[in-house]
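Please read this briefing with the sequence and the 3D view side by side. The points are grouped by topic.

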Amino acid sequence: MNPITLNTLTAFPLQLEQHYAAIPHHYVNWKPASWEGVPSEPFSAIEQICHVRDIEIDGYHQRFQRTLAEHKPLLPSIDSDILASERNYASADAAEVFTSFRAARAKTVALIAGLAPEQYDRQAEFEGYGALTLRSLVHYLCSHDQQHLAGLQWLLGKIEAEPR
């Protein structure tokens, strides 16, 4: 696996916390009138971090495990809106979310870093993405991370555009 990808995955929890901390406290549940142009899912700041945590645990942990254990498994996509509603993201405690996410990401990085080269070539089918390898999944996770940093910056842009 490319070292920049592993380093980026490792650094992400701190980056996510720093981007979230830039959101004014009274805006963590704020949503703009329009989501046009949002580079991530249309979630408030607190919902963004809950989503990232849950996609790590319920999505990528499962996807990596199944790709390693099964022959070309079909990896389902996750309906993020349903999770946000069922788990009441809007009332989450950010400190708890970050604690859980840091532990989940450490588990992810340990798994990825410990794989044999041939394991990265294991194949799966990912709903909405098509055929891929485990290596592909790692890159898609890294891409997903970056989308949510961009989503938080996009929210900051919308907040700053609000009339004062």
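K72 is in the loop between α2 and β1 (74-75); helices (H or I, at least four residues) and strands (E, at least two) are DSSP runs, numbered from the N terminus. This is a predicted model, in which local features need pLDDT of at least 70 and side-chain atom pairs count only at pLDDT 80 or more, while totals for chains, interfaces and linings use all residues. Residues are numbered from 1 along each chain as its sequence is written, and side-chain values use heavy atoms, with hydrogens and water left out.

**Loop residues with positive phi**

- K72 has a phi near 45°, a positive value in a residue other than glycine.
- K72 counts as partly exposed, at 48% relative accessibility; buried means under 20% relative accessible area, exposed over 50%, and partly exposed in between (1.4 Å probe, protein chains only).
- N88 lies in the loop between α3 (80-86) and α4 (94-113), and its phi is near 50°, a positive value in a residue other than glycine.
- N88 also counts as partly exposed, at 42% relative accessibility.

**Helix α4**

- The 20 residues of α4 should span 28 Å at 1.5 Å a residue, and this agrees with its end C-alpha atoms, which are 28 Å apart. The expected span of a helix is 1.5 Å times one less than its number of residues.
- The buried residues of α4 are A94, V97, F98, F101, A104, R105, T108, V109 and I112.
- Seen down the axis of α4, these buried residues fall within an arc of 140°, so they line one face of the helix. The arc is that of the directions from the helix axis to the C-beta atoms.
- The exposed residues A95, E96, K107 and A110 are on the face of α4 turned away from its buried side.
- The buried residues of α4 pack against α1 (3-21), α2 and α5 (134-161).
- At the start of α4, a side-chain oxygen of D93 reaches to within 3.2 Å of the backbone nitrogen of A95.

**Helix pairs**

- The axes of α1 and α4 come within 9 Å and cross at roughly 170°. Axes are lines fitted to C-alpha atoms, for helices over the stretch in contact, and angles run from 0 to 180 degrees between N-to-C directions.
- α1 and α4 are therefore roughly antiparallel to each other; angles under 35 degrees count as roughly parallel, over 145 as roughly antiparallel, 65 to 115 as roughly perpendicular and the rest as oblique.
- On the α1 side, the residues that meet α4 are L6, L9, T10, F12, P13, L16, E17 and Y20. Their partners in α4 are A94, F98, F101, R102, R105, V109, I112 and A113.
- The axes of α2 and α5 come within 11 Å and cross at roughly 180°, and these two helices are therefore roughly antiparallel to each other.
- Residues of α2 that meet α5 include A45, Q48, H51, V52 and I55. Those of α5 that meet α2 include L134, H148, G151, L152 and L155.

- Q48 is found in helix α2 (residues 45-69) and is buried, with a relative accessible area of 1%.
- Q48 touches S40, E41, F43, H148, G151, L152 and L155, not counting residues up to four places away in sequence. Contact means heavy atoms within 4.5 Å.
- The side chains of Q48 and S40 make a polar contact (2.9 Å). A polar contact is a pair of N or O atoms within 3.5 Å; within protein, one must be able to donate a hydrogen and the other to accept it, and residues adjacent in sequence count only if both atoms are side-chain atoms.
- R53 lies in helix α2 and is buried, with a relative accessible area of 16%.
- R53 touches Y89, V97, S100 and F101, not counting residues up to four places away in sequence.

**Two exposed residues outside the helices**

- A33 is found in the loop between α1 and α2 and is exposed, with a relative accessible area of 91%.
- The C-alpha atoms of A33 and K158 are separated by 9.5 Å, although the two are 125 residues apart along the chain.
- R164 is in the segment after α5 and counts as exposed, at 70% relative accessibility.
- Leaving aside its neighbours within four places in sequence, R164 is in contact with Y27 and I159.
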